[in-house]
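Come along and follow each entry.

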Amino acid sequence: MSSDTSTEGMDGTRRGFFATMALAFFGSVSALGFAYPLGMYLWPRERKVKGAGERSMKIPLSDVPIGEARFVRFLGKPAVVVRPNEQQVIALSPICPHLGCIVKWREKEKEFLCPCHGGRFDSKGIVLGGPPPFPLPPFSSSVEAEYIVIKEV
Ligand code: FES
């Protein structure tokens with residue numbers, strides 16, 4: 001009889017220990033789940049600084065033939081560079097302002113087409129037709145020596 005009582009006591013102690021450990025574990029996970037987004041909000045990894053340290057990207061001019069478009073990643077997001085002619089370079093966000101699909105370049109028509117709902121944009125990102133309410137957002141772009149330089153607007 002006394003051995004049963006000591007076993008129950010040990011089970012109770014063990015159960016208590018595991019309950020405490022489980023509570024500590026889930027409490028830590030919950031605290032981390034709250035602290036991480038708060039930390040990212042208060043101390044973001046990338047900071048936008050005007051002027052020095054401007055965030056830009058260089059693409060060799062030869063990578064974008066005249067009349068074609070090149071899709072790249074800029075600042076972790078998609079971007080597209082178009083050369084409608086020898087002098088002009090245009091950099092845009094290819095994210096459709098309607099519902100966020102990525103537009104495709106139609107080389108023959110020299111326009112962008114959104115595959116989701118048929119939104120159409122010219123090479124400058126201006127809406128030609130379909131449901132998009134706004135043009136494709138532009139990036140600043142220029143030609144420096146043999147490179148196309150894209151910058152945040
Ligand atoms: S998402 Fe592009 S037209 Fe709807």
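I began with the terms: two strands pair if DSSP finds at least two bridges between them. Strands are DSSP runs of E with at least two residues, numbered from the N terminus.

I noted that this is a predicted model, in which local features need pLDDT of at least 70, side-chain atom pairs count only at pLDDT 80 or more, and totals for chains, interfaces and linings use all residues. Residues are numbered from 1 along each chain as its sequence is written, and side-chain values use heavy atoms, with hydrogens and water left out.

**Entry 1**

Which residue in S8 is the bridge partner of Arg120? I found Gly129 there.

Then I stepped back: S5-S6-S7-S8 is the order of four strands in an open, antiparallel sheet. S5 (104-106) and S8 (127-129) are the edge strands, each with a single partner strand, so one side of each has no neighbour in the sheet. I wrote down an average twist of 35° from one strand to the next; axes are lines fitted to C-alpha atoms, and angles run from 0 to 180 degrees between N-to-C directions.

**Entry 1: the sheet of six**

Here I traced six strands in the order S1-S10-S9-S4-S3-S2, again an open sheet with antiparallel pairing.

Last, I checked S4 (residues 90-92) and S9 (residues 138-144), which pair in the antiparallel sense over two bridges. Leu92 stands opposite Pro138 in S9.
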